Each structure stands twice: as C-alpha cells, then as structure tokens.
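The exercises below ask you to work through one protein chain step by step. Keep the sequence and the coordinates at hand, and try each task before reading its solution.

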Amino acid sequence: MKTRFLSIFTTVWSFTLLAQDASFESYTQPVPGTELSLEMIAIEGGRFKMGSPKKEEGRETDEGPQHKAEVSSFWMASQEVTWNLYQLFVERSIDDKQPTWDETPEVNLAVDGVSGATTPYVEMSYGMGTDGFPAIGMTQHAASTFCKWLSAMTGQFYRLPTEAEWEYACRAGTKTPHSFGDSLKADAHAAYYENSRYGYAQVGSKSPNPWGLYDMHGNVSEWTLDQYAEDSYTGRKKVMDPLVPTTKKYPTAVRGGSYKSDLKEMRCADRQYSVKKWQRRDPQIPKSIWWLTDAPYVGFRIVRPLDIPAEEDRALYWDE
C-alpha cells in the first residue's frame, strides 16, 4: 500500500494545465442539520516557486532549495475550521442528519462508519473562546478524520491540504515573503505575537489575502498532509502535486504561524512541525490519537481537489 501511495504523488513535471471543469467556481458548502456553512474558494492550479530564496530574511535551511512546483486545481476553505463545526464532529450530534442522496455523490460513505474522537481531558479552547474561533489542539489524525466525517455528511470529498497546495494558496500569486507584502500591513492581515500574543482571534476578522483566504498568516498554525523532513526539498526540480506521505506520528508539517508567532514565522515558505511535547500533559498511556493538550495554537482548514481520487485511494488521505 505504501508503494502505491507514493506512486500517486510522485509524478513527472508537466507543462499541460488541467482543463477547467465548467462548474469550477467558488461555492458555499452547507452542513446538514445545522445553519453552518463553509465558503470554498476555487483556486486554479498552476506553477510557482516553492520554498524561499537564500537571501530572504528569516529563512531556515528546510525551506530550500527553492524549486519549481505545480499543483492541480482545488477548492480551499476561506477560513479555518471553527469550534462551532469541529465540536459537532466530536459530539456526533448531527450524524442522524446525513442526507439520503437522490444521485450518487462524490463520497457515498455511511457516517456511522467514521471513527469518533474521545472527550479531551482539559477544556481545549483554554478560555480563549469558541463561538467563531478556530478549533485547536487536535492531532493531524483527528483533523483528517474530521475531513472524512465531513465528506460523509456532505457527499463531497474533503481532506487536508498538502504543503505545496497550502503554500501556493498562501502566496496567492505574490512573490513576497508574506502575501500582504509590506510588513507594515501585518496588523491588518494577521493575528500574531505583536497584536494577539494572549490568544487567537475570531476567524475572518483580519483582511484576506489576494485570493480571498483569511488567516493564512498567523491566528493558528494549520495542519497539512505531509510528513515533515528537513530535507524534503532536496533533489526536487520540477514536480507535480508533491507530497511526502505521513507514515508516523511525529514530525508532521504545519504551516502559517499562529498568534504566538513573529513576522518571520508567518512567511509563506516557513515550515513548522509537530513534536512530542505537544502532548506533554496528556495522562493517557499511550498518548491520545485525537488531542494535543499542549498545542493550543494548531488548527486546520480543508480543501477539496477538482480531480477526486478513486474510491479505493481515499482512505490514504483520511487515515494515518
């Protein structure tokens, strides 16, 4: 299975862009049984330089070598997943609202077949607020399982973004370290250490990037699908939809910086990763597969690819 997984993502460079489906446009995804919805922004695939140039201020060695990458078209949520929605996954209180489809959906999966998260040992918002605020402290596995649950509930295929998709969307066609360019604009675009050091902000309360995505810089760091490795970019030249598949719990890649970050840690190319101390206070043996009791600054947002993987391959995106 691992060999097959790698073969899906290790692809030769192609200069042929995918023909866009006529229905490829931004849309609003309602959540059955609730008044909640997700704004999904259509992001046309393309080529970009992934990583940072050697002279970029704040650059770390794991951001190089800078290389050409191409990503296929996808939709990305305009905002980070909030507690309002994530708590429904934890409680499983709307599972009985799963629709009966008139036609076969993209994902035809019984929601009761999706694993449920355990109750955390502490109040996971740490008093920072839950109504309209980003969900935090879940493991990458939990975030991926949420995507599986949401896919079952909506009939659409949702997953975490790859590092390449995330960086491409964060840059939004810009070539500066931050998508907002001049660092003097940071306060308008990001909740970070200088203006929010004591906690996160409500999602969407800052200005979006040029493609309409909020909080790509700061607020909470965001999970990706990738296993983190310092030398992930070594040997890459021209790649299509790059991904380093997750094969172990640590370290996995997170992006974007958080309310605890400074400017250099919120750059489009900056890479962070999970560590064992994020579960230091978890009393379970072994540690929970669902909660990170010491990472109150890590959340996520979702994507939906234009090209849906075959049914037998979907679990590779949802399960560690």
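The model is a predicted one.

**Exercise 1. Describe the fold of the protein chain in outline, and decide whether its radius of gyration agrees with that of a compact globule.**

Solution. Begin with the secondary structure, which comes to seven helices and 12 strands. Next, take the extent along the principal axes, where the C-alpha atoms fill a box of roughly 55 × 45 × 35 Å. A compact globule of 320 residues would have a radius of gyration near 20 Å, and because the protein chain has 19 Å, the value agrees. Finally, consider burial, for which the cut-off is a relative accessible area under 20%: buried residues make up 55% of the 320 residues.

**Exercise 2. Locate Ala172 and Arg92, and determine for each whether the residue is buried or exposed.**

Solution. Ala172 lies in the loop that runs between helix 4 (163-171) and helix 5 (186-189), and its phi is positive, at about 50°, although the residue is not a glycine. Because its relative accessible area is 6%, Ala172 is buried. Arg92 is found in the loop between helix 2 (83-91) and helix 3 (140-154), and it too is a residue other than glycine with a positive phi, in this case near 60°. With a relative accessibility of 17%, Arg92 counts as buried.

**Exercise 3. State how many salt bridges the whole structure contains, and examine which parts of the chain are tied together by Arg267 and Glu56.**

Solution. A search of the whole structure finds 12 salt bridges. In one of them the side chains of Arg267 and Glu56 meet at 2.7 Å, N to O. Arg267 lies in the loop between strand 9 and strand 10 (271-273) and Glu56 in the loop between strand 4 and strand 5, so the pair ties together parts 211 residues apart in sequence. As for burial, Arg267 is buried, with a relative accessible area of 1%, and Glu56 counts as buried at 11% relative accessibility.

A second salt bridge to consider is that of Glu167 with Arg255, at 3.1 Å, N to O. This pair links distant parts of the chain, with Glu167 in helix 4 and Arg255 in strand 9, 88 residues apart. Both Glu167 and Arg255 are buried.

A further case is Asp294, which forms a salt bridge with Arg281, their closest N and O atoms being 2.6 Å apart. Asp294 is buried, with a relative accessible area of 9%, whereas Arg281, at 54% relative accessibility, counts as exposed.

Definitions and conventions
Residues numbered from 1 in each chain as written. Predicted model: local features only at pLDDT ≥ 70, side-chain atom pairs only at ≥ 80, totals over all residues. Heavy atoms only, no water. Helix = DSSP H or I, 4+ residues; strand = E, 2+ residues; numbered from the N terminus. Rg over C-alpha atoms; globule rule 2.2 N^0.38 Å. Buried < 20%, exposed > 50% of the residue type's maximum accessible area, 1.4 Å probe, protein only. Salt bridge = Lys/Arg side-chain N within 4 Å of Asp/Glu carboxyl O.
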